[in-house]
Amino acid sequence: MRRTVTLMLCVFLAAFIFVGCTQETEPDPINGVFEGTSGGFQGPVTVSITVENSEITDIEIVESSETAHVVKVAVERIPTQIIENQSVAVDSVTGATATSYAVISAVTNAAQAAGLDIDALKANKVGYTPKDPQTWDTDVLVIGAGGAGLTAAITAADQGAKVILIEKSSILGGNSLVAGSAYNAVDLEAQENVMELTGAQKDAMDSYLALDPADPGLKFDAYPEWEPVLEELKNDINAFYARNTGKKIGVDMPGFDSVALHMWHIYTGGLRQLTDGSWLAPNVELARTLASESLNAFKWMGEVGLESSYGADTKYGTRDGLGTVLGAMWPRTHSFMTGALRIPHLESVALDKGVTIYTETKGTELLVDGSGKVVGAKAEQIDGTQITINTANGVVLASGGYCANPTMVKEYDKYWGDDLSDRTLSTNLGTNEGDGIVMAIAIGADVTGMEVAQMMPSSSPVKGTMTDGIWGDAAEQIWIDGNGNRFVDEYAERDVLAKASLALEDSIFYIIYAGRGDVGNPDQLLQGVEYSERIEGIVEGGHVWYGKNLAELAEATKTPKAGVAPAFDEAQLRATIELYNSYVAAQKDDDFGKRVIAGAIDLDYLEANDDVGLVISPRKSSLHHTMGGVAIDTDTRVLDTSGNAIPGLWAAGEVTGGIHAGNRLGGNAIADIFVFGRIAGTNAGSGN
Ligand code: ADP
């Protein structure tokens, strides 16, 4: 009997299990390799996932045009976290947010293709657990590891100081990583030995000699400290003419530059009226420091191993000439390693000198002792761990500007008005949100020049970045509106360029470029760019149209790029270029007064030769560089609202204000971070 019951129970259980199995059958384990794609910052990101027994065991990025050195932490950490936790609910990585989301959603799409349970993959949120609060002791703390911060850290360590450098992002470099390599420095030996003065430059010099200090437009009533600079400039020009009596332009007349001329450009380039009628002018002492120290800082950069056009081993006769980056106002632009190369190099120099670097560590508050001295800062790490950093000497603020925080830009703005909104795009990486300025204000620091942020005119209309387009020397570019007409002096200051372009329909303009010539040589006709791999890359992946001649170029512009298709008319393009060519030949721009005008395009040559062509790129202004920031003196000591230096607090780079006032010259930002970064590091390192 008992046997029978047991047997019946077994039959019953077997039936139950069988019934259960038919209703809730374990799905067959999924195995295989599946692909998924999603939109990243620079284009599609495609991943392949390996699935074994319904688990993601491997993730590979198979296609991506993201900037490798910017997204390196994101593309390593996110796949690792997804695999470890079998979850796509992972955090984005600071500094590479768009790419992080692209990887997460590409993996999700691949998982969907595999038939994995997406709800389960999304349910398990991967969080961080903070470690116990920590206290670190050091001589100098540098907040922000862009160009200014790395330079300050290196030079502070050179003083024998123990240095900690903290960086909010997952990668070092900030804007200095993505900025170009244009570096302005007054370089008399290059002017004397390599450069030639052009007719347009001589006209400009003569116009400086003719300036009357009583002219109200010079604003010497409000800024009398700038009057002696004009006197100094006139003396420099007269001395140059005296030195070169009998020499002829285009034959044997060398180039000209001087500290006073660079300062004059900083003054006139930066003197701006605000919407409330008040004026903003550069601080004359800071401008002098920048103009007189930038060549020394450039040489220092060579000493620490940053390769540059200075050509350390070459005698001046064989070194590169100087260019004029957009908005630089004079050919004094040197070049050196790009951000992608210079930042890792500076990092390795800093590490060699014993600097301790922490990424994903955000400075949150400055600490002040009873005497008012800054004695450290509080910081928070990505996992929420709270750190107190005590400093013997003090803190260098090098946290950059706040263009990635358009709300803050808009809050202070007294320049752009309705041309600016809190959704205006930016060239910046996302971490430059003004933290250092906010921290400094909280302990009584003064700020200056916050009313103006610089717009970069030649940015991507859809991303705001400086990528996807074409760059060339300002002297050689032709800018046109949607009807194919020039609308501005392309050699003007950046805000002038931005304002003129923002007034156009949809605020979009177009740059025509036909190859780099011997800049400043008006006799040289541009004979086009070859359809090289690089050009092909930006034509196919970016916002650039290419044509072997004007007819082809006009035709190409019927295909939309960056959301626009201007469909230029060949005859109109030809008329605009021929008029521009005539201005180059005459060295006189009757329409917009372009001061240094070159780059006449040889249309006949382009017609006859199929191996070269010309390009056009749509561009739009986006937020680029905040002019204002904490007030400093020439020793980079941060000043309080009464004008006194706050002990133990230095600042350098874009976090500071006062140097560029209403408009920074192109090529002066990188000079700024190295010049003032060195001063800040040296002073903080020695505790002075
Ligand atoms: P600069 O040109 O003045 O050197 P960058 O933009 O190159 O400025 O670098 C500024 C750096 O400061 C960026 O890498 C940015 O992520 C970092 N940063 C911004 N805010 C903080 C903060 N609160 N703590 C640490 N680093 C910060």
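How many bridges join strand E11 to strand E12, and do the two run parallel or antiparallel? Seven bridges join E11 (residues 361–368) to E12 (residues 374–381), and the two strands run antiparallel.

The model is predicted: local features need pLDDT of at least 70 and side-chain atom pairs count only at pLDDT 80 or more, while totals for chains, interfaces and linings use all residues. Residues are numbered from 1 along each chain as its sequence is written, and side-chain values use heavy atoms, with hydrogens and water left out.

View 1. Strands (E, at least two residues) and helices (H or I, at least four) are DSSP runs numbered from the N terminus; two strands pair if DSSP finds at least two bridges between them. Lys362 has Glu380 in E12 as its bridge partner. Five residues lie between E11 and E12 in their hairpin, and Gly372 in the turn has a positive phi of about 95°. E12 is also joined to E13 (residues 386–397), antiparallel, by five bridges. One of the partner pairs there is Gly376 with Asn390 in E13. The E12–E13 hairpin has four residues between its strands, with Gly384 in the turn at a positive phi of about 90°.

View 2. Three strands in the order E1-E2-E3 form an open sheet with antiparallel pairing. E1 (32–39) and E3 (55–63) each have a single partner strand, so one side of each is left without a neighbour in the sheet. The twist averages 25° from one strand to the next; axes are lines fitted to C-alpha atoms, for helices over the stretch in contact, and angles run from 0 to 180 degrees between N-to-C directions. Eight bridges join E1 to E2 (residues 44–52), and Phe34 has Ile49 in E2 as its bridge partner. Helix H3 (residues 97–114) packs on the sheet and touches E1, E2 and E3, contact meaning heavy atoms within 4.5 Å. The direction of H3 makes about 140° with that of E1.

View 3. The ligand is surrounded by 26 residues, each with a heavy atom within 4 Å of it. Helix H5 (147–158), helix H6 (174–178), E11 and helix H14 (435–442) each supply at least two residues of this shell. Polar contacts are pairs of N or O atoms within 3.5 Å. An oxygen atom of the ligand is 2.7 Å from an N or O atom in the side chain of Asn432. A ligand oxygen atom is 2.8 Å from a polar backbone atom of Glu654.

Notes
Polar contact = N/O pair within 3.5 Å; in protein donor to acceptor, adjacent residues only side chain to side chain.
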